[in-house]
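User: I'd like to learn how to read a sheet and the helices packed on it. Can you walk me through one?

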Amino acid sequence: MTVAVRRWFRFAVSVIAGAVLITVAPTAAQAQPGDSSGAQEEAPPLLSEVLASTGKRYAQAKTKLDASRRKQLQLSVEVTRAEHQIEELAPQVAQVAAASYRMGKVGPVSALLSSSDPTSFMERATALSELNMVNDQKLHKLTEARNRASDAKQALDAEVAEEQRQLTIIAKQKKEAENSLSLVGGKSLTVNGMVSATSAVAKAAPRASDGSWPDESCSVDDPTTGGCVTPRTYHAYKEVKRAGFTRFVGCYRSGGPYEHPKGRACDWSLQSSGFSNAHTRDQRLYGNNLTAFLVRNADRLGVMYVIWYQQIWLPATGWRSYSGASTHKDHVHMSIL
């Protein structure tokens, strides 16, 4: 082989290698979280299904529970007002009744017969008419107050029963989540520093008129990829950014059975580009603080669960240990209802 041929051959190899490198090396927008082996799934399929369904049902029951408790408060106030009105009106009605009794049931004819002159008759008839009118008004108000108190008490009893029903549903969802999390070593944890009162308060995401989380489609352009996210996920994304967490993030992914292809999840990296495990105190603190923000604002943002550093948080269970396929030491995973 001549020198020229060898040079040409080396040049061709270098060009091909470069082309291959460009083809397979992921861009920042395409980078996937996970261990060095490549992209990892968040959880076994069974667990993922349970987390999604449990999270949704738990959120629905929690919304109904909160609404029932607010209604109970309103009804309790109504009962108290009605009872106060009854206490105020009952003596007044008794006084009017006693005055009417003392005067006797004097009609116009008997009043005329017992009157010495027309002026005396008119005075007695007018007084009796006014007394009866006042008594009728007081009786009407008293009856109305008693009916209102009775209706409010019945409604309050119904709301107490509804509260107990929702608490039973919540307890069931909590148990199902705990059983499912045991698949990935989900032991209960007491985690310090994962919820902070100093975390920023997020703007609440829109809810339905009854306070529930409506179903949403993947209808908003994902700012992190060429895919899409739900309006609620996009709202959470903007609020996390607004809270100061501005490092790399990826949301939509086309593959897998989990929330990413539904536009309901984001992976918040610890790095300015791509994903790699936390190896500095700053990166670990960044992940902790971001997690604390999501947990503190879970009810405002519609957070279904958060995974970070071999731990998972759900509203139904709190913190549990987590040993799924990915350790989640390189990113904070956020799933939205």
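User: How many bridges join β3 to β4, and do they run parallel or antiparallel?

Analyst: Some ground rules first. This is a predicted model, where local features need pLDDT of at least 70 and side-chain atom pairs count only at pLDDT 80 or more, while totals for chains, interfaces and linings use all residues. Residues are numbered from 1 along each chain as its sequence is written, and side-chain values use heavy atoms, with hydrogens and water left out. Strands of a sheet pair through backbone hydrogen bonds, either parallel or antiparallel. Here 2 bridges join β3 to β4, and the two run antiparallel. Two strands count as paired if DSSP finds at least two bridges between them. Strands (E, at least two residues) and helices (H or I, at least four) are DSSP runs, numbered from the N terminus.

User: What is the strand order of the open sheet?

Analyst: Read across its 6 strands, it goes β3-β4-β8-β5-β6-β7, with antiparallel pairing. The edges are β3 (249-250) and β7 (318-321), each pairing on one side only. Further in, β4 is joined to β8 by 5 bridges, and β5 (residues 303-308) to β8 (residues 331-336) by 4. Find S335 in β8: S335 is the bridge partner of A265 and also of Y305.

User: Which residues of β4 are buried on each side?

Analyst: In a regular strand the side chains alternate between the two faces of the sheet. In β4, A265, D267 and S269 are buried on one side, and C266 and W268 on the other. That makes 5 of its 5 residues buried, where buried means under 20% relative accessible area, exposed over 50% and partly exposed in between (1.4 Å probe, protein chains only).

User: Which strands does helix α5 lie across?

Analyst: α5 (residues 231-242) lies across β3, β4 (265-269) and β8, at about 20 degrees to β4. Axes are lines fitted to C-alpha atoms, for helices over the stretch in contact (heavy atoms within 4.5 Å), and angles run from 0 to 180 degrees between N-to-C directions. Helix α6 (residues 281-296) runs at about 165 degrees to β5.

User: Which residues of α5 are buried?

Analyst: An α-helix has 3.6 residues a turn, so residues three or four places apart point the same way. In α5 the buried ones are R232, T233, H235, A236, Y237, E239 and V240. Their packing partners include β3, β4, α6 and β8.
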